[in-house]
Amino acid sequence: MTLPDAEAWAVAQGWPRFRGEQVWRWVHDRGARSFDEMSNLSRETRAELPERAQLGCLQVAEVQTSQDGTRKLRLVTRDGQSIESVLIPDGDKTTQCISSQVGCAVDCQFCATAKMGLKRNLDAGEIVDQVYLAQRLLAEVEPTRRISNLVYMGMGEPLHNYDNMVKSIRILTHDKGAGLGQRRITVSTAGLVPKLEKLGKEDVRPNLAVSLNAPNDAIRDEIMPINRKWNIGKLLAALKAYPLEQRRRITFEYVLLAGVNDQLEHAMQLSKLLRGVKCKVNIIPWNPHPEAPYQRPARAVIDAFQAECKRLGMPTYLRTPRGDDIDAACGQLANRSNGEAIVPLRIRKTAPPLPAVD
Ligand code: SF4
């Protein structure tokens with residue numbers, strides 16, 4: 001629920017409106033996971049609440065920790081679906097990569113999630129609860145660490161689940177709740193042009209990342225079938241019209257696939273495409289998984305590609321794979337544990353109170 005939803009719900013229960021806000025703040029500001037924790041409510045109200053509402057949508061089924069400190073959480077929904085969420089420490093910052101769907105329908109050929117197909121959308125509560133559970137886990141293992149940035153880059157295409165994605169951002173950024181800054185949130189899309197246009201008209205303003213991965217339509221048609229519907233020309237036209245706020249840039253993700261899109265001529269084509277777009281390019285050497293027939297380019301090829309991009313004037317960053325030893329890196333999320341698809345669930349108990357998310 002958003003805060004107005006919670007207030008309307010309280011009124012529908014025959015309670016004063018402010019009770020909705022009280023309960024909502026316990027959940028979203030203070031991270032309560034049981035009604036008993038809500039100490040400023042009367043004992044009678046606390047006793048009635050479990051008959052009228054449920055708290056928390058997800059349970060932690062498994063946590064895997066990479067050698068580089070990345071943690072992958074496998075979380076289970078009330079109807080038994082598994083999703084994954086990844087915590088990536090970087091200095092004193094921690095970025096969480098969250099899922100927006102169970103599986104994905106977009107079918108990018110290099111992506112392990114695509115092989116799951118789309119099972120269903122996550123609701124806004126299931127998106128938000130990934131953050132609260134992860135913050136709780138961090139509080140247990142590294143009490144001084146907070147989630148500083150959120151990226152909608154886990155399982156699923158966020159713009160395919162548009163309403164729940166926008167609602168989840170409204171909840172997470174509300175100053176009476178977790179209060180995350182909009183600039184700390186990035187939504188990544190494969191390029192659903194009509195939804196990009198819609199997002200540009202919203203009052204929420206996350207950063208935008210676009211999974212481009214190809215310098216021309218021929219290659220993009222092959223590795224991202226969505227390009228046959230909204231090709232690079234249509235995508236870039238929508239991005240150029242997108243109302244970017246001052247000093248913000250669009251991030252283009254470019255998964256580098258050996259022998260497919262990693263040649264110097266591709267860098268040249270890319271620079272021509274992106275001319276005039278306020279952007280930066282993240283080069284992501286492909287992270288191997290068994291479901292796709294690609295290979296990561298050799299280090300020399302990666303370096304040459306990046307150098308050419310820079311020479312051509314594109315702000316270009318090479319993304320170091322994080323968590324690839326636990327199948328947590330970009331493009332690897334497919335509910336695997338130790339390389340095996342879905343293992344029997346190990347439900348763990350949850351946890352001490354959640355500190356507020358910065
Ligand atoms: S890369 Fe993203 S949009 Fe493409 S199939 Fe994977 S999860 Fe879906």
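**Exercise 1. The setting of G179**

Determine whether G179 is buried, partly exposed or exposed in this model, and describe its surroundings.

*Solution.* Step 1: count the neighbours. G179 has 14 C-beta neighbours inside 10 Å. Step 2: apply the cut-offs. A residue is buried with 20 or more other C-beta atoms within 10 Å and exposed with 12 or fewer; G179 therefore counts as partly exposed. The structure is a predicted model, and such a count is computed from its atoms.
Step 1: G179 belongs to the loop between α5 (162-173) and β8 (185-189). Step 4: list its contacts. Leaving aside residues up to four places away in sequence, G179 touches T173 and H174. Step 5: compare sequence and space. H28 is 151 residues from G179 in sequence, yet their C-alpha atoms are 8.9 Å apart.

**Exercise 2. The overall form**

State how the radius of gyration of the protein stands beside the value for a compact globule, and describe the fold in numbers.

*Solution.* For 358 residues, a compact globule would have a radius of gyration near 21 Å. Step 2: compare. The protein has 21 Å, which agrees. Along the principal axes, the C-alpha atoms fill a box of roughly 70 × 45 × 35 Å. Step 4: name the elements. There are 10 helices and 14 strands. Step 5: examine the packing. Buried residues account for 44% of the 358 residues. Of the contacts between residues at least 6 apart in sequence, 67% join residues at least 24 apart.

**Exercise 3. Domains and cores**

Identify the domains of the protein and the residues that touch the most other members of the largest nonpolar core.

*Solution.* Step 1: read the assignment. It gives domain 1 (1-55) and domain 2 (57-341). Their centres, taken over C-alpha atoms, are separated by 34 Å. Step 2: inspect the contact. Six residues of domain 1 meet 10 residues of domain 2. On the domain 1 side, these are one nonpolar, three polar and two charged.
Step 1: turn to the core. The largest nonpolar core holds 85 residues, and C108, V131, L133, A134, Y254 and L256 touch the most other members. Helix α4 (residues 124-141) gives the most to this core, with nine residues.

**Exercise 4. Around the ligand**

Classify the residues of the shell around the ligand as nonpolar, polar or charged.

*Solution.* Step 1: list the shell. The residues are C104, V106, D107, C108, C111, T113, A114, M155, G156, E157, A190 and S211. Step 2: sort them. The shell divides into seven nonpolar, three polar and two charged residues.

Conventions
Residues numbered from 1 in each chain as written. Predicted model: local features only at pLDDT ≥ 70, side-chain atom pairs only at ≥ 80, totals over all residues. Near = placed C-beta within 6 Å. Nonpolar A, V, L, I, M, F, W, Y, C, P; charged D, E, K, R; others polar. Domains from an automatic or database assignment. Contact = placed C-beta atoms within 7 Å. Helix = DSSP H or I, 4+ residues; strand = E, 2+ residues; numbered from the N terminus. Rg over C-alpha atoms; globule rule 2.2 N^0.38 Å. Core = buried A, V, L, I, M, F, W, Y, C linked by C-beta atoms within 7 Å.
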